[in-house]
Amino acid sequence: MTPEARHWLNLIHGLPLDRTLKIMNVCGGHERSISLAGLRTVLPRNIEIIPGPGCPVCICPEEDIYQAMRLALDERVLLLAFGDMLQVPVNLPRSQPRSLDAARAAGADIRPIASPMDAVAIAREHPEREVVFFAAGFETTMAPVAALLGQDLPDNLSLLISGRLTWPAVAMLLESQSCEFDALIAPGHVATIMGTEEWQFVPQRHVLPAAVAGFTPESLLAAIYSCLRQTLEGRSFLDNCYAEVALPDGNPTAQRLLKNAFDVVDANWRGIGILARSGFNPREAHASHDARVRFSDHSRASRRRAGEMPPGCACANVVMGQIYPNQCPLYGRGCTPRNPVGPCMVSDEGACRIWWANGVRSHRETPICPD
Amino acid sequence: MATSEAGVIELCHGNGGRLMHELIENVIRPALANPMLDTQLDAAKLPALEGLPVITTDGFTVQPLEFPGGDIGSLAVHGTINDLAVSGAVPLYLTLSLFIEEGFEISRLARLMKSLGQAAASAGVVVVTGDTKVLPRGQCGGIYLATTGIGVMAPGTNLGMDFVQPGDKILVSGSIGDHGTAVMLAREQFGLSGSLLSDSASVLPLTRALQGLEGVRFMRDPTRGGLATVAHELCRATGLGMNLWQEVIPVSDQVRGVCDLLGYDPYYLACEGRVMAVVSMSDAPSALKRWQALPAGSQAAIVGEIQSNHSRVVLTTDYGGERILEELENDPLPRIC
């Protein structure tokens, strides 16, 4: 263990915690670091760390994935998507392809890409094809996508955008009180783009302690300590435990690109519903590269179970922090990374997959090895 | 035209006729140079073996065929003799089957055969018989190899999972995941590249070094699925558990970096020249000393312990936390050996 981690752990264990305190983390990257380091097993037992709505694949509307799949099944189209998206199941009868992966097996040309820039290169390589980039993600992903829209794009490239802002989901959780927590670890990567100030609403409007954290266990432990100490002292402010990277105003260039590329609109979140001013939509100037404008609408809202979670799947509750992954009846039984039922078991940022793949079987299973 | 290194493999190189004969005589046989390989015979006659015979077989499909630190030729030797070595045997003979794709450059085949021959010679094994097939274009990614190894059990060797007991220590002979990562970097997937070398090597010096040490219970080379997968096999077979200690498991900086970037766990990545050994508590320090005295074992470490109070593979993290290392679900890196 690093001396810094030891320092924060000692401070945390020295706090007079007389009740259970719940801290929510928003980002899938945070959840992964916490699970990989086994932090839950070294924190005092009355601290609960709740994974929140920070997985873009998990909250991507089922209709959008269905639309991407329909487009990919069009012979003219070569569909590009982030690898995480390929296995997310959509609600269709068993006789039809039920994920992008299955559509690919049925002959659709679907290729996973790691960076938005790959989309331009592939479109240039295939001038005879309609190349559609299914771009789903939060601010950190949408900033490079915005940079893409700011360029002179090949005519045969269009984007199916499913972009979301992070803070409206947290604001909804706080306003609706649908999930109770005592403090928030704010997402460090989002803050590098949008600025830490964006999270001031948590302590100011909701009087809840908050700390922006980076992605090392050390930074996360510092943020946990800050949250706990604020709670114990009855104070609420926004601490920045990622100050070396995340600035109060964020990255103005990235924000300008986002503003030039997208309108901020009301948007649907899978398992949550419509959140006001939470989605990115390409501006009219980019209509020629907007796949929703270029191709006919495949969303077919009348489709059975359109937009719903699969039967028995509690991903919606997991995303909103209402239950832990292991409290879903399907966790590790009907739903595993190899045979995922819901989106949270598919994505590397989904709480269920992170927990299952890193051997977290129960939020109470601490320590694993009896002394 | 006679078969020379300038050409490419054609389907008729596998038809048993003149071209195949030339290929074997001009390209394959010289690289494997040994008096026991008589290409005129259908089967090799071996001298009587002194000791309990041991046999193993393995297929090799790695992509790319050549990677930093090795190639499919040397790998086809190391993979098979290492299986014999960790069983406590001394490898003696190999058979070699080649499945070559039409259009494969003969110069490249010669290079791979030379590498295979050198790996065999330095491990003291001889290729005694073989077979060559040619497949139509597009069918095997260049070349597949299959080797079968025959050896004899070293006298007094008694290894097996049955001997493993609670309190036994887990040793690894060097950094883990180098081979899997080096092959992945050589593919330049995800826009990544690097200078990491595969650990592909004969583990004979390591297994020999532990000979005669009574407390050695079991050895395995953690290839596909890595250290975690061997740990699981051990736990499943014995009903015992295993604790591994992250702080002391040797992982190179490059492997760690790739794992951080791509979300892989190094404990599941393949090695091709490392040994994991289970050794009694009392003999573990002396086993470690023997390994550390070798160039191949300079990074050897005691990395864990067999437990009787649970039956899982549990990693104690750098932060003192614990997490279960599950059985591998999806292979993150197919075709690495």
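Guide: Happy to. Chain B has eight helices and 13 strands. Its radius of gyration is 21 Å, close to the 20 Å that the globule rule gives for 337 residues, so chain B is as compact as a globular protein of that length. Please keep in mind that this is a predicted model. Taken along the principal axes, the C-alpha atoms of chain B fill a box of roughly 70 × 50 × 30 Å. Of the 337 residues in chain B, 51% are buried. Contacts tell us about the fold as well: among those in chain B between residues at least 6 apart in sequence, 85% join residues at least 24 apart.

Chain B also touches its partner, in a contact that takes 19 residues from chain B and 23 residues from chain A. On the chain A side, these residues are 14 nonpolar, six polar and three charged.

Now for the helix pair, which lies in chain A. Helix α7 (residues 139–149) of chain A packs against helix α12 (residues 252–261) of chain A at an angle of about 60°, and their axes are 8 Å apart. An angle of 65 to 115 degrees would count as roughly perpendicular; α7(A) and α12(A) are therefore oblique to each other. Their crossing is left-handed. From α7(A) come A:Met142, A:Ala143, A:Ala146, A:Ala147 and A:Leu149, which meet A:Ala254, A:Leu257, A:Leu258 and A:Ala261 in α12(A). By class, the residues of this contact are nine nonpolar, with no polar and no charged ones.

Methods:
Residues are numbered from 1 along each chain as its sequence is written. Chains are lettered from A and ligands numbered from 1 in the order in which they are written. This is a predicted model: local features need pLDDT of at least 70, side-chain atom pairs count only at pLDDT 80 or more; totals for chains, interfaces and linings use all residues. Helices (H or I, at least four residues) and strands (E, at least two) are DSSP runs, numbered from the N terminus. The radius of gyration is taken over C-alpha atoms; the globule rule is 2.2 Å times the number of residues to the power 0.38. A residue is buried if 20 or more other C-beta atoms lie within 10 Å of its own, exposed if 12 or fewer, and partly exposed in between; C-beta atoms are placed from the backbone. Two residues are in contact if their C-beta atoms, placed from the backbone, lie within 7 Å. Ala, Val, Leu, Ile, Met, Phe, Trp, Tyr, Cys and Pro count as nonpolar, Asp, Glu, Lys and Arg as charged, and the others, Gly among them, as polar. Axes are lines fitted to C-alpha atoms, for helices over the stretch in contact, and angles run from 0 to 180 degrees between N-to-C directions. Angles under 35 degrees count as roughly parallel, over 145 as roughly antiparallel, 65 to 115 as roughly perpendicular and the rest as oblique. A crossing is left-handed if the near helix is turned anticlockwise from the far one by less than a right angle, and right-handed if clockwise.
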